[in-house]
Structure formats: structure tokens, C-alpha cells
Amino acid sequence: MNSNTNIKTNTLRPRLRATGLVLPLLAFIAITFIAPLAMMLVHSVYDPTVANALPETLNLLREWDGKSAPDEAVYATAARELLKARQDRSLGRVATRVNRVHPGLRSVFTRSARNLQNVREGPYREVMIGLNSAWGDIQTWYAIRSAGDRFTSRHYLNALDLQPLPDGSIARQPPERRIYLALLWRTFIVSLSITAICLLLGYPIAHLIAHSPPRIANLLLILVLVPFWTSLLVRTTSWIVLLQTQGVINDLLVTIGLIGDDGRLAMIYNMTGTLVAMTHVLLPFMILPLYSIMRAIPPTQMSAAASLGANSFQAFWRVYWPQTLPGVGAGSLLVFILAIGYYITPALVGGSTGQLISNMIAYHMQTSLNWSLAGALGGILLVCVIALYLLYDRIVGIDRMRLG
Amino acid sequence: MPSKDNAYVEFENVCKSYDGRTLIVQNVNFSVRKGEFLTLLGPSGSGKTTCLMMLAGFETPTSGDIRIDGRSVHALPPRKRGIGMVFQNYALFPHMTVGGNLAFPLEVRGFDREQCRERVARALDLVRLSGLEDRRPNQLSGGQQQRVAIARALVFEPDLVLMDEPLGALDRRLREEMQYEIRRIHQSLGVTMVYVTHDQQEAMVMSNRIAVLRRGDIEQIAEPEALYEEPERSFVARFIGENNRLQGRVTKVNGDICEVETGGQIIQALRIAPCQVGDATTLSIRPERVAIEPEPGLYTNELEAKVEDITFLGDHLRFRLNVCESLEFIAKIPNTVGHGAVLKGDKIRIGWTPTDCRVLDPDDEEDTT
Ligand SMILES: Nc1ncnc2c1ncn2[C@@H]1O[C@H](COP(=O)(O)OP(=O)(O)OP(=O)(O)O)[C@@H](O)[C@H]1O
Ligand SMILES: [Mg+2]
């Protein structure tokens, strides 16, 4: 017993010291990675803007029967709280938030609030309906009530092209507003295609590198890695130079007469551009894990297979390929996960038909400022990736994955 | 020497160069009888593996011809040669079970399930590993992996089996056990075996005949006893077992016997190398053929020697002697009655018969084991 406690105290100090050494890194990751991630995910389900600005209106609306326009008390409270919101400059955000539930309400809010400044006394019901007939519409009040929920699944539903109806049921968005599912699906298909192309191109290259004499292998490996040392922008724009309508490849095809000058191929600013450029960018992530696996397979394995009577196909398919599966899995998983969240390349060369879900997330982050929806879209991506990872773990076993 | 007509494997003037400049294998000729166990023995880099790889079909000879069962195999790819091969690092397929490894050569030959199972079971039985079908190679000990590799090379019943230093990675005890096992399997199946090793002990224990290679050249090919008792080259004398070597010069040739001057002494010895008077030569004599304090006049060669050191080795004693200006002359004497008499530093007489002492080519001592 005694010696046991001694051993414990002896190992405690080094362990504390070791923990101390990784603490800065942990803090760094927590601040720059986990915190923003968590924040975005919170954003996607939690939004107190309206609830904070119009608390009493919402309280009254909770007792509202929802069949006809609410009574005077609701109008009076709403008018008071709208004015207050205008004063502390939160009205814009409230209006935007409500507008997302019911498009067209932003101007109703801002204009009515401005006009309400000059209104001294009620009945507010008539006054407000006089200011804007929308106040007489029960949909407006539904929208306010719904936007007043602090926690909402609306953004996730939105991200899946669904919408909550006032009666609490869920319906699909009208056809002209269904974009995200198709985009999500396209992102999946594109990512899968890129993974497949990378595997097809990368497997022979990795094999060549792994079984070349060291000097040549080093050279080839450097060629594979050169893209890593070049700026992503430079790489992507060089594809523009190559692929554009007046670009090198089209010029070449026209010169050798394969296509007419009027039949130049559109190879960029569309899906082709996205596929080509992203495959180029992601290829090393396929080659490196494959290479590291293949290098560990001794060449005598293939000799052994041949001496046992296997032809080259049998030797490859039954001896070589199964042993490279951990590399194939690792490379594919890596490329797929990177592709599914890739942003800059599609943004630069994808045109309008080559955009992926990440471009939509960026749009909501930067342009429409709908961070909640951006968070929801990101959340869905995250769930997909985690699901994929778990699937991989179930089928191949994550501990068999070798990245390099 | 086997006559040409019962030779199963034949190497004829085989040369091999990887870079087109240096010959790794130079003009090798040998043949293996059906059912024979031939060992290629030689120091590292002597071209043993290269010879084996040419026979298996993984390397092509630069010139010369290799025949199996009378047919030139030059154009035959490895998989069509029907040779069972055991690689130095076993080359078991790590993603298959033991059973899968053994079934592989049968499956690619189109055997059906039932036949596969039966033959795999028989092969495992042969190497005494029954019941381990479902293990993976990495769940086996080194010796067990070795047995699996052997079983895999035998399971499709090839007529010729090649093994490249298959026991190199095993510890001594296991190695001896496996030597015995391989010999037993060879005898019970009657396959022709070409075996590569750099361990002369192993070669002696296992082989019907041994081909000693040095720098891509066969120095001597003979039965183990003959190789030990009657080395024809100084390299063989040095490589196989322990040998005393004295450098000298031929002073007189008299039929089979010639006189050689070494360290100021004249020694009579058996003429093996085709030497003439005046040629440099190496005398070779086994330590156990040296008699200490022999009856005067019993041996033709009698010399004075100083005892530098005596090592007691249980059943025999090793004397390190200063003879003919050599300080490393060894004599091995059985531990019989009355040997306590000689002490370190004593001056003694030693002797041997001329037929135990062989006149060989001069030794350039360049490569060692
Ligand atoms: N693929 C190759 N390319 C060039 N040179 C080679 C090649 N394989 C072997 N050599 C050279 O040929 C010589 C003989 O090699 P080999 O492998 O036959 O020797 P070995 O007798 O099997 O030696 P060890 O006992 O070390 O296995 C060596 O000098 C080696 O450097
Ligand atoms: Mg070798």
C-alpha cells in the first residue's frame, strides 16, 4: 500500500508538467476553433433578438387565439416596444429577423416604427392598421410569435428546404425557394466524383513513387508536393489561364483544328472548372496516404504471388489491392471531407453552376448576414462528415487508417 | 558429377550483370538431379540470390541457358515455371489467414473448394501446424511463419522448391529444429530442392551436394564430406570448417606429392592445384589432423612448434601454436589420457601425413564470411 502511494506521487509531477506543456495548444484550439464552431452551432438554433426586443408583446401573443387579429392590448404593447426598439437601435435586427419568417415585413416594421413616433394616443389597433394594412393580417402576428421563440429549428428546416407552418406542422418550401437540398446533393455528388477521380489518378502515381528507386521517388514526391508550396490562388488562377474560352487549351484545340473558333469549349466558370481545379488541389491528399501504405508493402509480396502461379491481375487484385485498402480509405475520407467543405476554388472557377454548399454558407456569412442559416448549413455538413467518419470506422476501423 | 541425362535443373554458362559492366554471376555451370538437395553456399554478395532469382524467373540471365527438366525456361514467366519458392522474409500475405495463404496457389490454379481444403489440411499437417488455419501471419511466431511459408511453397506440389536463406531470421535452436524439419520434408516428398544459405554448418547438415560460390563463380561443387575433407580451392578450405593455412612456394613436384617451402621449413603435401616449381601456394590442413608429440618417424612432416595458448573445450583441447612463422596455427586434440603434460610456452613436436595437407591455389584473403 505504502509503496503504491509513493509511485503515484512520483508520477504525478511529470504528468502535471506534461499537461502544462500542452495547455497553450489546448487553449489555442479552444479559442480559435472550438469556440467559433460552438458559437455558430448555437447561432443556428438560438436567436433571442425578437424575444429580447418585444417581450411583453410576445407574452400577450401567447394567449392569443390565432383566429382573428389580436386585441387592442397587443397593439398598444407592440407599438410601445417597437418605439423602444427603435430608440435602442435594435429595430433593424428585429425587422430582419421577422422578415426571414415572413418576407416583406422589414419595411412594415421600420416604417411603422418611424411613423409611430408622431402618434400620441390610441386606439393603436386602428392607428397601426392605418399606417400599414399588414398589421391587420394575422400572418404578421404569426410571424412575430414564431420569430419570438428563443430556440428554433427554423434554420435547420430552412437548410433542408422545409418550413414550419403556423399550425406547427412542417411542409416543403414552395418549389422556387427549394435550393439547399439540391445544392447539398450536388456537393455530395461533386465530392464523390472528385474522390473517385483522385483515386483513379492517384493510385498509379502513388504506386510508381512507392516502387521507384529512391532518387526518382524523391523527385516524383517533390513534384506531388509542389502544389502545396504554391499559393492556392495562384494554382486556381493558372487553371483559369488554361481553361478559359480564350485560354491555352482552347487555343490549342482550335489551332490543331479539333474544334472551330466558334465552338470553343466552356471549361471554366462551370462544373467542369470546379471538378478540374479541385481534383488538382486535392490530389496530394490522396497520393500521400496511398504512398505511405504502398511503400510498406515489400516487393517480394508480388514476386511471391507470381511464383505461386498468379497472373498479374490476380496478384494485384488479391495480394496488392487489399493491402492498400487502409490507404485508399484514408485518402478517400480525407479528400471527400476536404471537398465537401471546399470554398475558394468553386468560388473562383465554379461560375454559377459550379457552386457548392460552402459557397452558400459564405454567402450567408458575408452578404445576407444570416448567420443562423449559415450555422445550420454548417451543422448539417458537420453531421454528414461525422456520420461518414463513423461509417468508415465501422467498416474499415479508424485505427487501420494511415495518413503518412 | 551427375551425368547430363538425369539432370533436372541445369545452368549452362550463365552470366548475369545488372548494370551492363560488372558481372555479378560469371559463367556458372551446374546441374541438379531430380530429388536432390543442392545448396548454394557463399559469403554475402556472392550472387546466391541472383542465381536463385534467375532460376525462379524474376531475373533473366545476361547470357547462358537455364533448363528445367530439359526445357529451356528463358521465355517462361515465373508463374508458369511451377516452382515453389520460400523467400527470405517469408513474404506471407498479411491480409489473409494461414488457410488463405495456403489456398492462394490452389485457387489461382482453379482448384475447387473441396480440393483446396483437403490439400491445405495436408500441407499444414506436413509442417505440423494443423489447427492454425484461421490465424493471421502476424499472430504466429517466427518459426511458425517459416513453416507456413514452406507449406505454401509445397501445397501445389511443385517438382522444384527454392529456398533463399529461409532460416536467417530464426534463433539458433529454432534454426536447428527447422533444418531437421526441412530435411524431413524433402525426404518424405522427394522434391528437388535448391537451397541458399551463407551458413556452412547449415549447408553441411542439410544438403546432398553443396555449390560454393564466390564473387559469382562456383569454386567447388561436391558432397559435404568431400567439400570438408578434400577442398580443391583455398577459399573453400577457408570457408568450410576450420583450417590452418600456410602460404608458401613450391620447391619440388613429384607426381601427387610436392614439396613446399613455408616459413623456412620444407613440407610435403598433396598436390591439388596444378602448380609448378616456383609457384606461390596455400597449404591447407585441418586442425584435427595435426598430431602432438607423435612417435618419432611416424609422420613424414615433423615440425617444431611453440605452444602459444591452450583452450580447454571439454571433449577436446585447442592448441594455438607458433609454426613456420604463423602464430595462428591450430591443433585440435581429443581430450584423452595424458594430455596434461603440455603446458603453455612449451616447445613441442607436431606432425601430419602429406595426404592430409593439401597444396591449393594462393589465397588472396580478400573476402571473408
Ligand atoms: N537488383 C539489383 N541491381 C543491381 N545490383 C544488384 C541487384 N541485386 C543484387 N545486386 C548485386 O549483386 C551482387 C550479388 O547479390 P546477391 O543478392 O545475389 O548476393 P547474395 O549472395 O544473395 O548475398 P546475401 O547473402 O547477402 O543475400 C551484390 O553485389 C549486389 O549488390
Ligand atoms: Mg541473398
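Reader: Which residues surround ligand 1, and how many of the shell are charged?

Author: The model is predicted, so to speak of local features a pLDDT of at least 70 is needed, side-chain atom pairs count only at pLDDT 80 or more, and totals for chains, interfaces and linings use all residues. Residues are numbered from 1 along each chain as its sequence is written, chains are lettered from A and ligands numbered from 1 in the order written, and side-chain values use heavy atoms, without hydrogens and water. Ligand 1 is surrounded (a heavy atom within 4 Å) by Y18(B), I24(B), P43(B), S44(B), G45(B), S46(B), G47(B), K48(B), T49(B), T50(B) and E165(B). By class (Asp, Glu, Lys and Arg charged; Ala, Val, Leu, Ile, Met, Phe, Trp, Tyr, Cys and Pro nonpolar; the others, Gly among them, polar), three are nonpolar, six polar and two charged.

Reader: What percentage of the area of ligand 1 does the protein bury?

Author: An oxygen atom of ligand 1 is 3.2 Å from a polar backbone atom of S46(B), and an oxygen atom of the ligand is 3.0 Å from a side-chain N or O atom of E165(B). Taken alone, ligand 1 exposes 630 Å² (Shrake-Rupley method, 1.4 Å probe), and the share buried by the protein is 58%.

Reader: Which helix supplies the largest share of the nonpolar patch?

Author: The patch covers about 990 Å² and includes L25(A), I29(A) and Y389(A); its members have over 30% relative accessible area and no salt bridge, with nonpolar side chains (Val, Leu, Ile, Met, Phe, Trp, Tyr) joined within 5 Å. Helices (DSSP runs of H or I, at least four residues) α1 (2–45) and α19 (371–395) of chain A each supply at least two residues. The largest share, seven residues, comes from α1(A).

Reader: How many residues apart in sequence are the parts that E157(B) and R119(B) tie together?

Author: These two residues form a salt bridge, with the closest N and O atoms 3.8 Å apart; the term requires a side-chain nitrogen of Lys or Arg within 4 Å of a carboxyl oxygen of Asp or Glu. E157(B) lies in the loop between α5 and β7 and R119(B) in helix α4 of chain B, so the parts joined are apart in sequence by 38 residues.

Reader: Is R119(B) buried or exposed?

Author: Buried means under 20% relative accessible area, exposed over 50%, and partly exposed in between. E157(B), at 45%, is partly exposed. R119(B) has a relative accessible area of 18% and is therefore buried.

Terms used
Polar contact = N/O pair within 3.5 Å; in protein donor to acceptor, adjacent residues only side chain to side chain. Patch = residues over 30% accessible without salt bridge, like charges linked within 9 Å, V, L, I, M, F, W, Y side chains within 5 Å. Buried < 20%, exposed > 50% of the residue type's maximum accessible area, 1.4 Å probe, protein only.
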